[in-house]
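Open the structure in your viewer and keep the selection tool ready. Each stop below gives something to select and says what is there.

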Amino acid sequence: MDNKTIAKKFKLCSQLMELHNENPFRTKAIASASFKLDKIPFLLETASLEEISSQPGIGKSTAEKVKKLAETGSFDELDAMLSITPEGILEMLNIKGLGPKKIQIIWTELQIESVGELLYACNENRLIEAKGFGLKTQEDIKKSIEFSISNQGWFLYARVLSNANNLLASLQKNLSPTLISFTGDFRRKCEVLSAVDILLDTDKQATLAYLNAYYADSLKEELEYISFRDELGFSFHIYLSATAEFYQNLILTTGSKKHLELLDLTLVTALGSEEEIYAKQGLDYIEPELREGLDEVFLAKNHQLPKLINFDDLKGTLHNHSTYSDGVHTLAEMARYTKEELGLSYFGICDHSKTAVYANGLPIERVQKQWEEIDQLNQQLAPFKIFKGIESDILSDGSLDYPDEILAGFDFVVASVHSNLKMDEEKATARLLKAIENPYTTILGHPTGRLLLSRSGYPLDYKKIIDACAANNVVIEINANPLRLDLDWRWHRYALEKGVLLSINPDAHRTEGLLDMHYGIFVARKGGLSAKNCLNSFSLTEIESFFNKKS
């Protein structure tokens, strides 16, 4: 163990002592030791106790800690601090701009215990109201977390989309290929990626020369493709193809391994389009999002593929937040953006319920004040309509926030779990089942509580949950926030088979967050969703009728 590593262990101990409000004099002494140990000119690991303790500012007690650290990898004070600190809190100490005091506020006041939850809180605008934070600090923390995640080799589809589009446009302009397309996981709209794949029919040497001018540090010639990383650490793979074989190669590089195993590869030959290649196999054209090796080939052979939903099919947006709870924009601003910029017919407000104190949840008197404003805005914006909704916390016992007489006053209720996320499968499933059976529950919000690349979500018996939603006429949310995309697309087919409606909800906390419905569309298409099975593809008249039947 080198000196720098030993010094870092002492620094970590001092940070944790500060985080847990330990004696400030002892905390400062450990921090001072960290600084001095880093400057010692000889190797601490092999030095004697006497040699270490003879150094200026290093006493016998510190020297003993150093020796134990070198022998065991830790020392008593550090062990004590680590034993009472969640792993997610330890990870926060690596985020630029976050020290123990700020992390203490995040942990104790905002009840956030992981980096993934912190990133989501930044997107929900929850940090700016906390002591010592502001909008700039919140944005800096968000950027640091996103950079850290991208450097781990995986990244969100939404995070890389802009860079991918810019690169495709640049290749198109500077290399002038006849044919070019995204391919691989990116073309299939997979929610998390290790690389963005692009296929084009361009000369190899010209491609290498162009890429070398911008990505020389990471440019590599692999067996099947050219790889490099951009300035944000995203990985790209460039596949080259002869023009005549472009569509053949596009099918071979787009489909998952399981999808390709379902095809007769001897019939995947050089033809003029993907449609022709699939037709040669006796199949209807299979959209890229569906090429995952599930039942898509069977459906294509029997002419039973679903007509996949598009963004233009959406008639309104449900599950959104405003400044009444933890949103950035006012109710009026959110509604007008939905009407004027997106051209939709209705907007569902779902600010947090009273138990969500960390998100400025609404006590009953503020609910009633919001209802009054909604009535006024509906007169001004007609025929556009704002629906009175709430994101009601599902409490630990499965009950909903607010008494029944208040729940009855909402047009619809999104029931979601936000706390006590560490239940086992049996308890977590029972909790959701009770909420689903509540007659006031309209939509089950982000069913698993997952945060992609950060938190797996609580374990559930998915079939029991979906079956219960079918039995109780409860809609299941596809939370379109790119950090969630929950319900997972792998369970959409089962829900649709059971007759459950899905709803593509942005969970927007600002006007631009409403555009996240695009990401919800992508995963909904992967799950085989058609407009007829999507709640917010209903017209204003149809959804009013649906809400009235539920109430």
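Remember throughout that the model is predicted.

**Stop 1: a residue in helix α2**

Select residues 24–39, which form helix α2, and pick out A33 within them. Is A33 buried or exposed? Its relative accessible area is 4%; buried means under 20%, so A33 counts as buried. Now show the contacts of A33. Leaving aside residues up to four places away in sequence, A33 touches F10 and T62. Between A33 and T62 there are 29 residues in sequence, but the C-alpha to C-alpha distance is 7.3 Å.

**Stop 2: helices α1 and α7**

Two packed helices are described by the angle between their axes and the distance between the axes. Select α1 (residues 3–19) together with α7 (residues 100–108): the angle is about 45° and the axes are 8 Å apart. That angle makes α1 oblique to α7. The crossing of α1 and α7 is right-handed.

Show side chains at the contact. From α1 come Q15, E18 and L19, and from α7 come P100, K101, I103, Q104 and W107. Sorted by class, this contact of α1 with α7 has 4 nonpolar, 2 polar and 2 charged residues.

Stay on α7 and colour its buried residues: P100, I103, Q104, I105, I106 and W107. What do the buried residues of α7 pack against? Select α1, α6 (87–92) and α8 (115–123) to see the helices they meet.

**Stop 3**

Strands of a sheet pair through backbone hydrogen bonds, either parallel or antiparallel. Move to the open sheet whose 5 strands come in the order β2-β4-β7-β6-β5, with mixed pairing. Select β2 (180–183) and β5 (220–221) at the edges; each has a single partner strand, so one side of each has no neighbour in the sheet.

The partner to look at beside β5 is strand β6 (residues 226–229), which pairs with β5 in the antiparallel sense over 2 bridges. Pick E221 and find I226 in β6, its bridge partner.

**Stop 4**

The next open sheet has 7 strands with parallel pairing, in the order β8-β9-β10-β11-β12-β13-β14. Its edge strands, β8 (316–320) and β14 (502–505), each pair on one side only.

Select strand β11 (residues 412–416). How many of the residues of β11 are buried? The count is 5 of 5. In a regular strand the side chains alternate between the two faces of the sheet. In β11, F412, V414 and S416 lie on one side and V413 and A415 on the other, and both faces are covered.

Now look at the neighbours of β11. Strand β10 (residues 385–393) runs parallel to β11 and is joined to it by 5 bridges. Across this pair, E391 stands opposite V414, and S392 stands opposite A415. Strand β12 (residues 443–444) is also parallel to β11, with 2 bridges. L444 in β12 is the bridge partner of A415.

Finally, select helix α24 (residues 540–550). This helix lies across β8, β9 (346–349), β10, β11 and β13, at about 40° to β10.

**Stop 5: backbone exceptions**

Most residues other than glycine have a negative phi, and most peptide bonds are trans. Go to the loop between α18 (364–381) and β10, where P383 lies. The peptide bond from A382 to P383 is cis, with omega near 10°.

Next, select N473, in the loop between α21 (462–471) and β13 (475–479). Its phi is positive, near 55°. N473 is partly exposed, with a relative accessible area of 42%.

End at L485, in the loop between β13 and α22 (492–497). L485 has a positive phi of about 45°. L485 is buried, and its relative accessible area is 5%.

Conventions: Residues are numbered from 1 along each chain as its sequence is written. This is a predicted model: local features need pLDDT of at least 70, side-chain atom pairs count only at pLDDT 80 or more; totals for chains, interfaces and linings use all residues. Side-chain values use heavy atoms; hydrogens and water are left out. Helices (H or I, at least four residues) and strands (E, at least two) are DSSP runs, numbered from the N terminus. Buried means under 20% relative accessible area, exposed over 50%, partly exposed in between (1.4 Å probe, protein chains only). Contact means heavy atoms within 4.5 Å. Axes are lines fitted to C-alpha atoms, for helices over the stretch in contact, and angles run from 0 to 180 degrees between N-to-C directions. Angles under 35 degrees count as roughly parallel, over 145 as roughly antiparallel, 65 to 115 as roughly perpendicular and the rest as oblique. A crossing is left-handed if the near helix is turned anticlockwise from the far one by less than a right angle, and right-handed if clockwise. Ala, Val, Leu, Ile, Met, Phe, Trp, Tyr, Cys and Pro count as nonpolar, Asp, Glu, Lys and Arg as charged, and the others, Gly among them, as polar. Two strands pair if DSSP finds at least two bridges between them.
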